[in-house]
Amino acid sequence: MKQPVVFWGGTGQSKVLREAISHENYILVAIVDNQEIKNQHNEIVLLKGQKGLLKWLEVQPNVSNIGCAVAIGGHRGRERVALLETMKSLGLTLLTITHPSAFVSCNAIIEEGCQILANSSVCVDVKLGTGCIINTSASVDHDCVLGNGVHIGPGANLAGEITVGDGSFVGAGATVLPGLNIGADVIIGAGAVVVRDVEAGALMVGNPAKKLIKRSN
C-alpha cells in the first residue's frame, strides 16, 4: 500500500514533484492551492486553500499517515516554509523528497520538507535547512550551509563553503564562487556569476554579478 501524499501548490513544480515521488512508495491523492488554477493532474482532487484542505482531512481515516510537500519554488521560500508548518500543524507528515538520480552525501544534514531533484548533487558536509529545493541538475558542493526555504534553481552551482540565508533563490544556471556569504531573501538572477558576498534582500544579475536593487520585504 502506497503512502498518500498531498501537495500544496498545483503549478509546474507539482508536476516535477509528482514524477520524483513516483519512484518511491508514495501516491499523490490531493493538491491544495489558494488560487483558481487549471488542474494539471486530472485524476487528482483539487482543494481550495486551507478551508478546502481542512474539509478534506475531516473525512480521511488516518491523517498522520498522509505525507505532504509544498510545490512552490522561486523566491517564495519563506511562504513555502510557512505552509509546511501549517500542514504539519494539521497532523500531516512532512516529506523530504529525493529523486533516485540525485547524489546526496552520506553525511549531509537534510532537514524536513526538502526537495532534492533529478541529477542534482548535495555533497559532503552540506547542511540544508527546512524546506530547501535543490532543483534539476543543481549542485551544492562541500561544506555549504543553506538556511530555511532556500531554492537552488536548475543547473545552478554553489562551490564549496558557501552560506545562504533564509528564503534566498539562486536562479537557473547561476554560479556562486567558493567561501561567499549570501544574505537572506536574496535573488540571484539566471546565469549570474557571484564573486563577492551579497547583502540581505539584494537582487544580483550579470557576470560578474552586480546588485540591481535592494528588495523590500
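Predicted model: local features only at pLDDT ≥ 70, side-chain atom pairs only at ≥ 80, totals over all residues.
- Leaving aside residues up to four places away in sequence, Ala20 touches Ile97, His99 and Leu117.
- Ala20 and Thr130 are 110 residues apart in sequence, and their C-alpha atoms are 19 Å apart in space.
- Gln13 also lies in helix H1, which covers residues 12–21, and Gln13 is buried as well, with a relative accessible area of 12%.
- When residues up to four places away in sequence are not counted, the contacts of Gln13 are Ala71, Ile72, Gln115, Leu117, Ile133 and Asn135.
- Thr11 lies in the loop between E1 and H1, and with a relative accessibility of 42% Thr11 counts as partly exposed.
- Along the chain Thr11 and Leu92 are 81 residues apart, while 21 Å separates their C-alpha atoms.

- Six bridges connect strand E1 (residues 3–8) with strand E2 (residues 26–33) in the parallel sense, and one example is Pro4, whose bridge partner in E2 is Ile27.
- E1 is also joined to E4, by four bridges between strands that run parallel, and here the bridge partner of Phe7 in E4 is Ala69.
- E4 and E5 run parallel and are joined by two bridges, with Leu94 in E5 as the bridge partner of Cys68.
- In a regular strand the side chains alternate between the two faces of the sheet.
- In strand E4 (residues 67–70), Gly67 and Ala69 point one way, Cys68 and Val70 point the other way, and all are buried.

- Strand E19 (residues 175–176) runs parallel to E22 and is joined to it by two bridges, and Thr175 stands opposite Val193 in E22.

**Nonpolar cores**

- In soluble globular proteins, nonpolar side chains tend to be buried together.
- The largest nonpolar core holds 32 residues, of which Leu146, Ile152, Leu158 and Ile188 touch the most other members.
- Apart from this core lies another one, of 17 residues, including Trp56, Val70, Leu83 and Leu94.
- Leu158 touches Ser139, Val140, Asp141, Cys144, Leu146, Ile152, Val164, Val170 and Val176, again without counting residues up to four places away in sequence.

**The largest pocket**

- The volume of the largest pocket is about 180 Å³.
- This pocket is lined by 14 residues, and the closest to its centre are Gly9, Asp33, Gln35, Ile72 and Arg76.
- By type, the lining is made up of five nonpolar, six polar and three charged residues.

**Backbone details**

- Most residues other than glycine have a negative phi, and most peptide bonds are trans.
- Asp143 is not a glycine, yet its phi is positive, at about 65°.
- Asp143 sits in the loop between strand E13 (139–140) and strand E14 (145–146), and at 33% relative accessibility Asp143 counts as partly exposed.
- Asp185, also a residue other than glycine, has a positive phi near 60°.
- The loop that holds Asp185 runs between strand E20 (181–182) and strand E21 (187–188), and Asp185 counts as buried at 11% relative accessibility.
- The peptide bond from Asn207 to Pro208 is cis, with omega near -5°, and Pro208 lies in the loop between strand E23 (202–205) and strand E24 (210–214).

Methods. Residues numbered from 1 in each chain as written. Heavy atoms only, no water. 1 Å grid on protein atoms, 1.4 Å probe; cavity = no way out; pocket = protein on both sides within 12 Å on 5 of 7 lines; lining within 4 Å. Points joined across faces, edges and corners; volume = space filled by probe spheres on them. Nonpolar A, V, L, I, M, F, W, Y, C, P; charged D, E, K, R; others polar. Core = buried A, V, L, I, M, F, W, Y, C linked by side-chain atoms within 4.5 Å. Buried < 20%, exposed > 50% of the residue type's maximum accessible area, 1.4 Å probe, protein only. Contact = heavy atoms within 4.5 Å. Pairing = 2+ DSSP bridges.
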